[in-house]
There are 2 protein chains.
Amino acid sequence: MGSESKQQMVKSAAVLFRERGYSGTGFRDVIEHSGAPRGSIYHHFPGGKAELATETVRYAGSYIGAQIERLAQDGDPAAVLRAFVGWWRKLLEGSDFRAGCPVVAVAVEAHDDDAIVAATGEAFADWERALASTLRRSGATPARARRVATLCIAAIEGAVVMCRAQRSTQPLLDVGRELEQAIEAAQSG
Amino acid sequence: MGSESKQQMVKSAAVLFRERGYSGTGFRDVIEHSGAPRGSIYHHFPGGKAELATETVRYAGSYIGAQIERLAQDGDPAAVLRAFVGWWRKLLEGSDFRAGCPVVAVAVEAHDDDAIVAATGEAFADWERALASTLRRSGATPARARRVATLCIAAIEGAVVMCRAQRSTQPLLDVGRELEQAIEAAQSG
DNA sequence: GTCTATACGAAGATAGAC
DNA sequence: GTCTATCTTCGTATAGAC
């Protein structure tokens, strides 16, 4: 991997992106937050801010994907869902509803950079795959497993945005409850 | 209400926000896109960019809310859902996956302005109320109607983000299909 | 790998004329 | 209501020394 300060910059960018978004976060902020040296920005990221964003999305994407896979190892889909919802709930409450998903933050702003867009798309696809495999293992047909996995990711991401807007975890909890029903239906039907 | 050019600035801001986000859109862009005169910015929006954002969210929120209510007048919840999904699909395809939801765009970036956050929260609440009322009318219990309405809004908004990221309408279509099942279940159970 | 210095444009915002 | 001019800060990015 890269050096220490490069990795630290990526981690800081993820934290800042999820609160202020991509355009709302400058190199200045990333340097201050990470404690990395100013002069090393374009040494580590010759492609500038777009490269930092791409790497940040990849980092956050595989980090969250790893959470899902870890949860999926010792639990049925409903348990994975509950744990995943709990993870987001903790982030929302712990940040006083200031932090959301860094991948979503970048995805809604990246309209003109193909590499960034591709990275966000792959992150979502990763999470979906991980969730779909647990659904298949518990009896859902492959096609249904994929659709319900997409529903879960989409609904939770959407709920996180709504929670920040309404400064409440209610949307996330409501969505989690209804998604459990959908998971149950997919297993038997 | 307000003058002609003010209204035009708000409309342009909505179009630009949904592609580039809040921080990614400058007054410069809004002026150019709307054709409004430069000198009238702070006449119409004494509160500056934050005030423009708040009014833009309110405008987009009530515009989309009106779409839902209009659809709800002559259809059951499933028909409303299908039409709503079709509306987003058209926007995504028509913009080559560059445009998303302006309310979401602002919601993920507004971390420090209470008025903006409140406006995004009210927009989501409006949409949810409109959808929940159709669910109640078709047999769902009030509590379930509210939860399923939240699920629909959250899942569709999340799916729109995923569609942009993957440059495909598949997530939206998959989510729409599964949401129909959830609506059906809420009507009978 | 990291530094300083700096270029250059764009950002939001204000003042005062018309 | 709209104009121009201007202020200040900040943005990304580069050059060249160490």
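1. For the classes used in this note, Ala, Val, Leu, Ile, Met, Phe, Trp, Tyr, Cys and Pro count as nonpolar, Asp, Glu, Lys and Arg as charged, and the others, Gly among them, as polar. The model is predicted, with local features needing pLDDT of at least 70 and side-chain atom pairs counting only at pLDDT 80 or more, whereas totals for chains, interfaces and linings use all residues. Residues are numbered from 1 along each chain as its sequence is written, chains are lettered from A and ligands numbered from 1 in the order in which they are written, and side-chain values use heavy atoms, with hydrogens and water left out.

2. In chain B, α1 (4-20), α4 (49-73) and α5 (77-94) each give two or more residues to the lining of the largest pocket, helices being DSSP runs (H or I, at least four residues) numbered from the N terminus. The largest share, six residues, comes from α1(B), and by class the lining has 10 nonpolar, three polar and two charged residues.

3. The second largest pocket, with a volume of about 230 Å³, is lined by 13 residues, of which A:A14, A:R18, A:Y59, A:Y63 and A:W87 lie nearest its centre. Here α1 (4-20), α4 (49-73) and α5 (77-94) of chain A each supply at least two lining residues, and the lining divides into 10 nonpolar, one polar and two charged residues.

4. Around DNA strand D there are 16 residues, with A:F27, A:R28, A:Y42, B:P37 and B:G39 coming nearest; a residue is counted if one of its heavy atoms lies within 4 Å of the strand. This surface has three nonpolar, nine polar and four charged residues, and its largest share, three residues, comes from α2(A).

5. Of the atoms of DNA strand D within 4 Å of the protein, 67% belong to sugar or phosphate and the rest to bases.

Terms used:
1 Å grid on protein atoms, 1.4 Å probe; cavity = no way out; pocket = protein on both sides within 12 Å on 5 of 7 lines; lining within 4 Å. Points joined across faces, edges and corners; volume = space filled by probe spheres on them.
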